[in-house]
Amino acid sequence: MTFPFIIRLTLCLLVCLPLGCTRREKSSSGSNRLSEASSPYLQEHADNPVDWYEWGAEALEKAKRENKPLIISIGYASCHWCHVMERESFMDTAVARIMNDNFVAIKIDREERPDIDQIYLQAAQLISGNAGWPLNAFALPDGKPFFAATYFPKQQWITLLNQVSKAYKTDYESIVRQAEDLTNGVQSYDAIRMPADSTRGFGEDTYRQILTNAQPMLDYKDGGLSGAPKFPMPAVWEFLLQHHHLTGDKKALQLVTLTLDNISKGGITDHLGGGFARYSTDDKWLAPHFEKMLYDNGQLMSLYAHAFQVTKDSAYADVISETHRFIKRELTSPEGGFYSSVNADSEGEEGKFYVWTATEIDGALDSVTTEVFREYYHVTDTGNWEQGKNILHRTISVGELAKKIKMTPGECTRILNAAGAKLFAIRDKRIRPAVDDKILLSWNALMMKGYLDAYAARGDVNYLQTALSNAQFISKHMMRDNGALWHSYKDGKATIDAFLDDYALLARSFIELYQATFEIAWLDKAKALADYAVVHFRDKRTAMFYYTADGAEGLVARKMEIADNVIPSSNSVMAEVLFLLGEYYGDESYNTMSVSMLNQVLKEVTTSGPYYANWAALMGTMVFQPFEVAVVGPDALVKSRQIKQEYHPTAIFMGGTAENLPLLENKLIPGRTIIYVCRNKVCKLPVEDAGGASKQLTISH
């Protein structure tokens with residue numbers, strides 16, 4: 001595939017000299033139409049002199065009527081370089097004049113419209129092999145892209161605008177050919193075309209081979225995946241925990257604990273306020289992009305909970321508690337929903353809220369406390385980040401610190417806790433980063449599951465109550481009478497038809513909520529969501545699911561999300577949901593759909609394991625066969641919680657005081673609580689104590 005205009009354009013841009021930040025000019029006409037947008041990110045652009053539109057018929061019809069190309073600018077509220085480009089270019093009246101005269105400009109929040117983002121992100125990847133945000137795409141009036149790239153300094157952006165405008169007016173036929181070629185590329189990007197095959201094409205050898213093939217991608221020195229930047233990628237370590245459990249591979253567990261230890265010690269963790277930043281820019285987990293995303297914190301709470309179940313390391317329990325405090329304090333709405341993110345920037349500077357100079361530390365603490373704190377968190381006079389500032393991070397334990405400075409561990413802990421509380425109070429008086437307070441369904445489902453996994457591991461009823469409050473909020477505000485879902489909620493209003501990840505992740509969390517409460521209504525809701533998705537999202541020929549429902553209009557491509565990334569793909573989660581529903585309801589059609597989906601990605605799972613980690617975990621459950629744990633009787637919840645204090649990744653829990661599922665039939669004995677551990681519907685000898693059941697759940701390696 002060749003793009004002649006793009007080649008000429010790229011050569012032109014290479015000789016353009018980037019300029020620094022320019023002055024911010026206020027729009028003389030006041031707010032533009034984005035002032036009415038539901039997205040906080042779009043609202044931030046309401047004072048731009050650019051005549052922004054939201055995606056929709058009004059913008060597309062204007063472009064067709066005036067025969068102007070589209071500028072589709074995509075970002076999100078906590079994106080640092082999105083804000084930089086806005087300050088440099090979109091607030092500049094001269095730049096805005098070029099955009100308004102020659103283009104129809106559309107601004108998109110990628111978190112509200114991931115379906116649109118997918119299309120133009122893949123266009124950028126096809127052109128250069130790179131993509132990110134801010135994402136700036138140029139398209140025909142019908143939305144077909146002919147060029148896409150990321151951040152541009154102001155002068156390069158002006159050059160690009162002029163080049164594109166000129167080419168559109170003087171070489172229109174080439175632009176159209178290029179748009180057709182690029183759109184065809186986007187439509188076929190990662191497309192699955194093979195018909196479905198429900199014959200299981202994998203076994204234990206296939207599962208074991210996944211980790212063997214993934215070795216070159218794993219960092220056994222610093223944890224995580226090799227190289228920089230380092231993203232947490234929770235699904236990878238969930239798979240390795242499962243792999244250790246199923247195969248006894250100690251090296252897999254060692255890599256998980258190395259990764260989790262270094263994440264929790266590194267600068268990617270907020271050591272004063274709790275919670276995790278999105279990723280580390282270096283390979284040591286030190287210097288993050290400081291935005292905090294709900295989806296990372298939800299998945300990492302699940303991961304640390306599972307690691308605690310395996311290791312009983314109290315440091316992992318502390319991480320869970322600190323993450324909970326952060327979520328409750330900064331990302332929980334009064335109604336029970338979870339907000340999307342906390343910005344990286346404050347006062348126009350990335351990370352300013354979180355970093356410290358040595359002078360600030362010295363001035364806030366007494367001399368003894370300063371010595372202990374600076375030693376533990378590596379605070380130096382010269383700093384480890386920009387402008388002599390320090391990102392707090394640790395490399396040693398409290399015990400090692402105590403030995404080094406000749407104190408007891410208890411003394412060090414008391415000093416560090418007091419210092420942390422004092423510095424947190426000082427930091428709290430700084431100008432805070434903005435919070436993106438829209439509530440996204442899929443991310444809320446991840447956070448709900450994080451709380452449920454934390455409840456299983458720690459037994460803290462506050463975690464369960466938080467999850468229940470969130471589930472009730474979603475049921476009230478984001479579930480529709482016709483079975484469909486809304487994607488986003490803000491200021492009392494739900495908007496945007498939900499996408500596949502909304503259905504899949506919510507169904508998965510509702511299954512987890514059933515396992516925590518044994519309230520059958522949650523499991524029935526999960527089934528209803530999956531059934532709706534099968535009708536409206538599934539491609540019968542391939543057995544895979546489209547990201548958008550069958551009624552979606554106005555997009556040049558209908559995509560499938562296949563590979564797992566920082567969030568597991570919607571198809572891998574849906575395959576997991578279908579498998580679980582098949583087990584619970586005894587409906588083989590669900591299992592058949594799930595196996596067919598996994599067969600479609602079998603080659604990729606075995607050769608690119610870290611990017612198909614959730615698929616790999618599903619394979620592990622299928623290959624080793626899940627345990628079906630039925631706990632029935634008056635103390636069912638108590639005994640179920642006792643069993644779930646241990647790590648049982650392939651166990652499916654059900655029970656209560658009603659025989660309301662096929663596997664619960666004829667199992668109730670009046671006045672007694674009985675535990676049945678089964679596999680493939682064949683049960684071992686019933687027991688009444690959780691310890692006995694846990695022994696029956698032991699995997700023999």
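**Note on helix packing and local backbone features**

1. Helix 13 (residues 314-330) and helix 18 (residues 441-458) pack with their axes 11 Å apart, at an angle of about 140°. This is a predicted model, and the points below should be read with that in mind. Since an angle has to be over 145 degrees to count as roughly antiparallel, helix 13 and helix 18 are therefore described as oblique to each other. The crossing in which helix 13 passes helix 18 is left-handed. On the side of helix 13 the contact is made by A317, I320, H324, I327 and K328, which meet M447, Y451, A454 and R458 in helix 18. By class, these residues divide into six nonpolar, one polar and two charged.

2. A second pair is formed by helix 20 (residues 500-517) and helix 21 (residues 520-537), whose axes come within 7 Å and cross at roughly 160°. With the limit for roughly antiparallel set at over 145 degrees, helix 20 and helix 21 are therefore roughly antiparallel to each other. Here too the handedness can be stated, for helix 20 passes helix 21 in a left-handed crossing. Helix 20 contributes L500, Y503, L506, A507, F510, I511, L513, Y514 and T517 to the contact, while helix 21 contributes I520, W522, L523, K525, A526, L529, Y532, A533 and F537. Sorted by class, the residues of this contact are 16 nonpolar, one polar and one charged.

3. Most residues other than glycine have a negative phi, and most peptide bonds are trans. F518 also counts as buried, at 9% relative accessibility.

4. N680 lies in the loop between strand 17 (674-679) and strand 18 (682-683). Whereas F518 is buried, N680 counts as exposed, with 51% relative accessibility.

5. Helix 5 (residues 93-102) packs with helix 7 (residues 154-170) at an angle of about 20°, and their axes are 10 Å apart. As angles under 35 degrees count as roughly parallel, helix 5 and helix 7 are therefore roughly parallel to each other. Their crossing is left-handed. V95, I98, M99 and N102 in helix 5 meet K154, W157, I158, L161, N162, S165 and K169 in helix 7. The contact has six nonpolar, three polar and two charged residues.

6. Helix 9 (residues 204-214) has Y207, I210, L211 and A214 as its buried residues. Seen down the axis of helix 9, these buried residues fall within an arc of 80°, so they line one face of the helix. An α-helix has 3.6 residues a turn, so residues three or four places apart point the same way. What covers the buried residues of helix 9 includes helix 10 (234-247) and helix 11 (250-265), together with helix 24 (602-607) and helix 25 (613-624).

7. Two cis peptide bonds can be checked in the model. One of them joins W133 and P134, with omega at about 5°, and P134 is placed in the loop between helix 6 (114-128) and strand 3 (135-139). The peptide bond from A228 to P229 is also cis, with omega near -5°, and P229 is found in the loop between helix 9 and helix 10.

8. Two single residues complete the note. S488, in strand 13 (residues 486-490), has a relative accessible area of 2% and is buried. Leaving aside residues up to four places away in sequence, S488 touches E112, K438, I439, L440, M478, K493, A494, T495 and I496. T413, in helix 17 (residues 409-427), has a relative accessible area of 32% and is partly exposed. T413 and V398 are 15 residues apart in sequence, and their C-alpha atoms are 7.0 Å apart in space.

How values were computed
Residues are numbered from 1 along each chain as its sequence is written. This is a predicted model: local features need pLDDT of at least 70, side-chain atom pairs count only at pLDDT 80 or more; totals for chains, interfaces and linings use all residues. Side-chain values use heavy atoms; hydrogens and water are left out. Axes are lines fitted to C-alpha atoms, for helices over the stretch in contact, and angles run from 0 to 180 degrees between N-to-C directions. Helices (H or I, at least four residues) and strands (E, at least two) are DSSP runs, numbered from the N terminus. Angles under 35 degrees count as roughly parallel, over 145 as roughly antiparallel, 65 to 115 as roughly perpendicular and the rest as oblique. A crossing is left-handed if the near helix is turned anticlockwise from the far one by less than a right angle, and right-handed if clockwise. Contact means heavy atoms within 4.5 Å. Ala, Val, Leu, Ile, Met, Phe, Trp, Tyr, Cys and Pro count as nonpolar, Asp, Glu, Lys and Arg as charged, and the others, Gly among them, as polar. Buried means under 20% relative accessible area, exposed over 50%, partly exposed in between (1.4 Å probe, protein chains only). The arc is that of the directions from the helix axis to the C-beta atoms.
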